[in-house]
Amino acid sequence: MSDLIKKTAAELAAAIAAGEVSAAEVTQAHLDRIGAVDGEVKAFLHVAADDALAQARAVDRKRAAGDPLGALAGVPVAVKDLFATAGMPTTCGSKILEGWVPPYESTITQRLRKAGAVLIGKTNMDEFAMGSSTENSGFWTSRNPWDLSKVPGGSSGGSAAAVAAHEAPLALGTDTGGSIRQPAAVCGVVGTKPTYGGNSRYGVVAFASSLDTPGPFGRTVLDAALLHEVMSGHDPCDSTSIDAPVPPVVEAARHGDVAGLRIGIVSEFSGDGYQPGVMTRFTEAVEVLEALGAKVTEISCPHFKYALPAYYLIAPSEVSSNLARFDGMRYGLRVGGGSAEEVMAASREAGFGAEVKRRIMLGTYALSSGYYDAYYGKAQQVRTLIIRDFDNAFSQVDVLISPPTPTTAFNIGERADDPMAMYLADLCTIPSNLAGNAAISVPIGLAPEDGLPVGLQVMAPPLADERLYRVAAAVEAAFTERWGHPLLAEAKGLSGE
Amino acid sequence: MPITRDEVAHLARLSRLALSDEELDHLAPQLDQIISAVAQVQEVAADGIPPTTHATGLTNVYRADEPVPCLTPEQALSGAPAVELQRFKVPRILVEE
Amino acid sequence: MSELTTVTYEEALQKYEPVFGIETHVELGTRTKMFCGCITTFGAEPNTHTCPVCLGLPGSLPVINERAIEYTIRIGLALNCSIASWCRFARKNYFYPDMPKNFQISQYDEPLCTDGYLDVAIGGKTVRVGIERVHMEEDTGKSLHVGGATGRIQGAEYSLVDYNRAGIPLIEIVTRPVPGTGFLAPEVARAYVTELRDVLRTLGVSDVRMEEGSLRCDVNTSISLAGSDVYGTRTETKNVNSLRSVERAVRSEVARQSEVLDSGNRVIQETRHFHEDTGVTTSGRSKEEAQDYRYFPEPDLVPVAPAADWVEQIRASLPELPSARRARLIDSWSLSELEFEALRNAGALDAVEATVAAGASPADARKWWLGELARRANDSGIDVSELPITPADVARVSALIAAGTLNDRLARQVIEGVLDGEGTPDEVVAARGLAVVSDDSALLTAIDEAIAANPDVAAKIRDGRVQAAGVLVGAVMKKTRGQADAAKVKDLILERLA
């Protein structure tokens with residue numbers, strides 16, 4: 001592995017700005033890495049090699065001219081294929097959009113470009129962000145770099161895997177029910193779900209509009225914070241984005257400290273269904289936090305056990321409507337003959353996978369006249385109760401913690417056709433999406449029984465994202481010292497590692 | 001209350017999904033299982049609890065009535081499967097709205 | 001089955017009472033669309049006014065046009081509605097090629113304005129039409145249906161869709177059912193739409209041209225047995241594209257429904273299509289199986305909660321509405337209802353008001369605009385407001401008559417001159433030499449000539465038969481080519497022969 005790809009984004013940005021290495025060299029090193037390992041990892045749906053080098057050379061020209069450089073100038077970023085990127089295909093992991101090149105660009109990728117980041121390619125994902133393993137991708141399943149027979153999590157599995165495999169130091173994902181935190185946990189990287197509305201959804205293809213949150217992946221807490229800061233902020237093109245200053249996440253990431261912090265363990269997130277090794281690591285993390293001076297207590301959030309069913313009513317309802325536009329009339333796959341009605345139905349049948357079809361029908365059901373009150377309506381009331389549980393908890397503690405997901409990476413194929421089993425991966429992450437909180441997953445070690453990564457989830461109230469980074473940075477520092485090396489150095493899943 | 005295969009077929013039609021019989025056989029029981037699971041929300045006593053549709057609490061987000069440049073017709077039509085007279089060509093529509 | 005009825009409207013009204021309701025869609029005259037910054041100008045080349053938002057491209061998001069909210073509140077206030085202190089948009093889900101997202105952002109159970117009314121004057125009485133709601137939504141794209149014989153969907157091979165109009169702000173105004181209008185139902189329906197149109201035009205929120213589609217009506221009609229409490233099954237009639245069609249649609253539907261009931265069948269709840277050429281409706285989509293639109297609150301938009309002081313500000317800035325203006329003018333000009341209607345129907349209200357403001361009396365202003373000028377406008381096939389003469393001109397003519405410079409006949413010639421582009425009234429008077437002869441000596445010369453030429457008439461007058469003076473007046477008028485004040489001439493003659 002070349003040295004350049006071992007460096008963090010922070011190190012690369014500094015080195016490029018100082019002229020120690022060119023942006024083109026950094027991008028080429030990552031393209032080489034992709035070439036070397038992506039045959040196994042299968043993280044990328046599209047590698048924008050020429051485009052990326054052109055972007056990198058533009059950064060080098062700016063530096064040579066003495067022009068000011070953006071915060072991420074020359075740093076390669078892998079982009080989940082849910083973000084509309086002008087000139088690069090955007091498939092959302094679906095056959096229905098195979099080959100579609102948007103005539104416009106998402107606000108977040110525009111901000112990244114402005115900061116000088118090099119968009120190196122589009123990553124694989126569960127179709128339209130529905131899934132926890134990338135097995136629902138219309139194209140292929142990505143692999144976990146720790147063990148190629150395991151899933152990298154989902155739906156942002158490609159982005160997590162790309163970062164874990166050193167194919168890019170940073171990646172963009174989205175988190176609707178855990179789709180950043182769960183893949184981050186099972187791939188041993190850092191992933192954050194920012195406060196809902198803390199950044200722009202404009203140009204991010206909608207899955208569940210009231211829950212979707214774009215967010216960062218990095219191998220370190222500081223790296224994730226750097227991307228978090230660059231991508232965040234109000235956007236007048238997104239009515240649900242919050243007009244408030246971006247929380248000082250980079251500052252917090254540089255000063256990890258939990259002395260005196262009140263930390264609550266969510267008592268509902270343990271017990272049956274939780275892998276013993278996951279709980280072992282979690283308990284250890286609690287001890288570390290206490291040793292660092294945090295005050296750890298247990299908090300009960302009694303309505304959290306209804307979060308999963310509420311989510312699997314709200315999200316499918318919104319997506320059943322959001323995905324109606326894919327009908328073969330204006331863009332995307334068009335198959336079949338006959339009337340418009342027939343062509344729409346045939347195109348959607350051919351273009352969508354099973355999970356998408358399940359959720360569309362589930363959503364259609366939940367919104368149907370006669371069922372609305374009992375299903376969708378009720379779920380939105382449960383949502384209020386979950387928010388109240390969080391409010392109550394945060395009146396007693398500064399952050400909440402739990403495992404991000406009950407198990408380590410499961411085997412490819414193990415849950416593929418068992419939707420209910422697949423949904424359980426989101427048990428711990430979903431409440432934060434329903435409430436719009438900020439939450440992060442930071443690696444805390446490997447499960448003893450399978451040697452696979454385990455993460456720690458930290459949750460904070462809306463707009464208190466910096467607390468996540470403060471805690472995560474402290475945890476990272478403590479554990480890295482204990483291990484003597486970054487956790488990822490132990491990943492031996494790829495041949496030639 | 002279980003959902004029948006016929007009801008699933010109806011949902012498929014409403015959602016413009018031309019499911020094959022095999023798919024219907026496969027998906028219907030799965031949907032039934034999922035619906036039974038999510039019905040759990042009905043256990044929650046929620047009388048008088050207001051529903052939450054937006055977590056942010058924002059209201060009154062507007063834009064000024066000022067023009068913004070449009071896409072060119074080429075851009076607008078760029079993904080279209082069929083184009084004629086600078087319009088999206090679509091198959092014959094059966095039922096008038 | 002033939003759609004032409006054998007039962008006439010008059011026959012129907014012997015047994016049944018009609019009830020109607022009207023749903024009106026109004027395109028707002030904002031510069032940009034409801035949820036994006038694309039311009040709204042009519043008649044552009046296809047797909048030149050679109051963007052990711054109004055095309056519904058994956059990843060696009062709507063943002064509410066503030067002016068559209070303001071206009072909607074304005075409309076609600078003018079229709080005496082309550083304005084919601086908090087409301088949301090909702091998605092109305094159905095698949096149709098002219099709707100890019102296959103859902104329409106609309107309002108469902110939380111309209112911005114509710115519970116209002118519009119008073120409609122008809123035949124000297126007032127009918128209060130209840131307004132159930134005024135809500136906002138976005139318009140769809142427009143399709144050309146190719147291959148069929150009629151250009152309509154039936155029989156077409158394919159359709160061509162233009163999304164320029166997708167996303168145009170649309171207001172939907174829904175009345176409550178209007179019972180108790182009896183025989184006048186069609187006229188009341190028409191009068192309601194007319195009054196509504198005038199209100200909207202006065203508010204400046206839309207150019208309300210039915211022929212361009214910026215004002216569209218769906219007419220709901222039902223009939224019930226006279227004296228019954230229960231409303232009959234209603235049908236919805238679409239494609240009602242003019243005021244006259246509103247009236248005809250109600251009339252024909254009432255007749256048709258009564259024939260259906262008379263023959264022992266029941267009226268089917270359905271959507272019908274109005275045909276301008278035949279004046280009847282034909283069956284469209286059956287509404288028996290009501291579409292389930294699966295409404296839910298629009299998650300991409302946050303609630304609309306107009307501040308109370310903003311609403312009051314809008315209320316304070318409302319222009320004088322047609323009904324208030326009507327009351328004011330009837331009162332200050334001492335008009336009857338019919339006289340007012342005549343003015344309104346001639347489209348002359350603005351002109352008359354402006355002429356009065358320029359100094360003429362209401363009676364004079366009305367006389368000119370309803371008489372000579374209305375005639376000229378009619379002949380040229382234009383509105384009185386389009387005539388090349390200003391209210392100030394008319395007021396000037398009126399003033400010249402009052403001053404004795406012109407008489408009626410001369411004034412008509414002056415008006416003609418102004419209309420023909422010869423200049424202002426004063427310029428025309430000067431150029432054509434049309435001023436009344438006010439110089440007494442010139443008049444006296446003419447008078448003496450007339451007396452000399454008509455000695456027997458002069459004798460009669462000296463005898464006291466003053467009516468005979470008319471002949472001499474006529475002669476003098478002829479002599480002066482009408483440029484004399486007839487009354488003055490008569491006075492001088494009588495003086496002369498006293």
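**Figure 1. What covers the buried residues of helix H10 of chain C.** Around the buried residues of H10(C), the cover includes helix H8 (349-357), helix H9 (362-380), helix H11 (408-419) and helix H12 (425-432) of chain C. Helices here are DSSP runs of H or I with at least four residues, strands are runs of E with at least two, and both are numbered from the N terminus. This is a predicted model, in which local features need pLDDT of at least 70 and side-chain atom pairs count only at pLDDT 80 or more, while totals for chains, interfaces and linings use all residues. Residues are numbered from 1 along each chain as its sequence is written, and chains are lettered from A and ligands numbered from 1 in the order in which they are written.

**Figure 2. A look along H10(C) itself.** Helix H10 (residues 391-402) of chain C has 12 residues and reaches 16 Å from its first C-alpha to its last, close to the 16 Å expected at 1.5 Å a residue (the expected span is 1.5 Å times one less than the number of residues). Its buried residues include C:Pro391, C:Val394, C:Val397 and C:Leu400, and C:Asp393 and C:Arg396 are also among them. Buried means that 20 or more other C-beta atoms, placed from the backbone, lie within 10 Å of the residue's own; exposed means 12 or fewer, and partly exposed is in between. After the helix comes C:Gly404, with a positive phi near 85 degrees.

**Figure 3. Where chain C meets chain B.** Here 40 residues of chain C are in contact with 32 residues of chain B, contact meaning that C-beta atoms placed from the backbone lie within 7 Å. S9(C) gives the largest share of chain C's side, 5 residues. That side divides into 23 nonpolar, 10 polar and 7 charged residues; Ala, Val, Leu, Ile, Met, Phe, Trp, Tyr, Cys and Pro count as nonpolar, Asp, Glu, Lys and Arg as charged, and the others, Gly among them, as polar.

Figure 4. Strand S1 (residues 62-63) of chain B pairs with S2(C) in the parallel sense over 2 bridges, pairing being at least two bridges found by DSSP. Opposite B:Arg63 stands C:Asn65 in S2(C).

**Figure 5. Where chain B meets chain A.** In this view, 45 residues of chain B are in contact with 55 residues of chain A. H2(B) gives the most to chain B's side, with 8 residues. By class, that side has 30 nonpolar, 12 polar and 3 charged residues.

Note on methods. Contact = placed C-beta atoms within 7 Å.
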